[in-house]
Amino acid sequence: MKNVIICVGRNFGSGGHVVAKAIAEKLSIPFYDGELITRAAQESGLSKDFFKTHDEVRGVFSTIKTYFSNSWSSSEVDIELFKYQSEAIRNIAKQGSAVMVGRCCDYVLRQSGEVNVLSVFITAPLEARIERVCDREGLSREAAEDKIARCDRRRETYYNHYTFGNWGYASNYDICIDTSILGIDATADYIIGFLKQCFEEEAI
C-alpha cells in the first residue's frame, strides 16, 4: 500500500492547524505546516524568510524578481516559487505517511499520483472563529473579523489560482467538518476514523 497523506485546508480561526497537529500526534506520523516553507527554502537555495513572507500569497513578487531574473514577469516568479514548494511537498510525501496543512498540497499530490491522499477541509461558523481569534490573539471583535476575512481571501485566491479548484467548497474535498460541533480532539478522532474506512489501517 502506498503512503497516505492527510492534506488539511482550513478557514482562518477554525482550529484547522490544531486539528491537523492532533491527527499527526494520534497517528504518530510527521506534521508539516511551516516546515514545508523551510524545506522549500533549503531545496531552492533561497532564504527561509523569503518564503515565509510570501507563504500562501499570490501576485506579490514583482519587487523581488532579482532573486530570479529581471526579465521575468511577476507571474513567472509566482509560478517558480510554487514549483519549489510543490517539489518539497512531493519529496516529503515519498518518505512516508504525514499530515500537511495548506499550500495546495492536496492538488500537488493528486497530480503526482504517487501517494494516497485524503483531502480534508476544516471550518467553523464565523462567530466561533471570531471568538477563537479574539482569545488567541487578543484582538477586538472587529479586528478579528477583519483578519479572518483577509486571511480567507488570501488563501482562496492562492488555492484557486494554482489548482483551478474551489477553495472551501465541499465538492473539492473528501471530507469537510465543522470543529464547533465536536471540538478539536473529537474532530481529529472523527477524521482518523474516516481515514481508516478509506484506507487499510496498516498503510497509515
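## Charged pairs and nonpolar cores

Let's start with Arg103, which has a relative accessible area of 4% and so counts as buried, the cut-off being under 20%. Keep in mind that this is a predicted model. Which residue does arginine 103 form a salt bridge with? Its partner is aspartate 33, and the closest N and O atoms of the two lie 2.6 Å apart. The pair ties together distant parts of the chain: arginine 103 sits in the loop between β3 and α5 (105–112), while aspartate 33 sits in the loop between β2 (31–32) and α2 (34–44), 70 residues apart. Aspartate 33 is buried as well, because its relative accessible area is 10% and the limit is under 20%.

Another pair to look up is arginine 129 with aspartate 152, a salt bridge with its closest N and O atoms 2.8 Å apart. Here the link runs between two helices, with arginine 129 in α6 (residues 126–137) and aspartate 152 in α7 (residues 141–163), 23 residues apart. Both arginine 129 and aspartate 152 are buried.

Arginine 136 and glutamate 137 meet through their side chains in a salt bridge. Arginine 136 has 47% relative accessibility, so it counts as partly exposed, and glutamate 137 is also partly exposed, at 30%. Elsewhere, salt bridges with shared partners join Lys26, Asp185 and Asp189 into one network.

Here are the three pairs side by side.

| Salt bridge | N to O distance |
|---|---|
| Arg103 – Asp33 | 2.6 Å |
| Arg129 – Asp152 | 2.8 Å |
| Arg136 – Glu137 | 3.1 Å |

They belong to a total of 11 salt bridges found in the whole structure. In general, side chains of opposite charge can pair when their charged atoms come close.

On to the nonpolar side. The largest nonpolar core has 23 residues, and the members touching the most others are Ile6, Val8, Ile23, Val99, Val120 and Ile191. Helix α1 gives the largest share, 6 residues.

For a closer look, pick isoleucine 6. Beyond its neighbours within four places in sequence, isoleucine 6 is in contact with Leu27, Ile29, Ala98, Val99, Met100, Leu118, Val120 and Leu195. There is also a second, separate core of 22 residues, with Leu36, Phe82, Met100 and Cys105 among them.

Methods:
Residues numbered from 1 in each chain as written. Predicted model: local features only at pLDDT ≥ 70, side-chain atom pairs only at ≥ 80, totals over all residues. Heavy atoms only, no water. Core = buried A, V, L, I, M, F, W, Y, C linked by side-chain atoms within 4.5 Å. Buried < 20%, exposed > 50% of the residue type's maximum accessible area, 1.4 Å probe, protein only. Helix = DSSP H or I, 4+ residues; strand = E, 2+ residues; numbered from the N terminus. Contact = heavy atoms within 4.5 Å. Salt bridge = Lys/Arg side-chain N within 4 Å of Asp/Glu carboxyl O.
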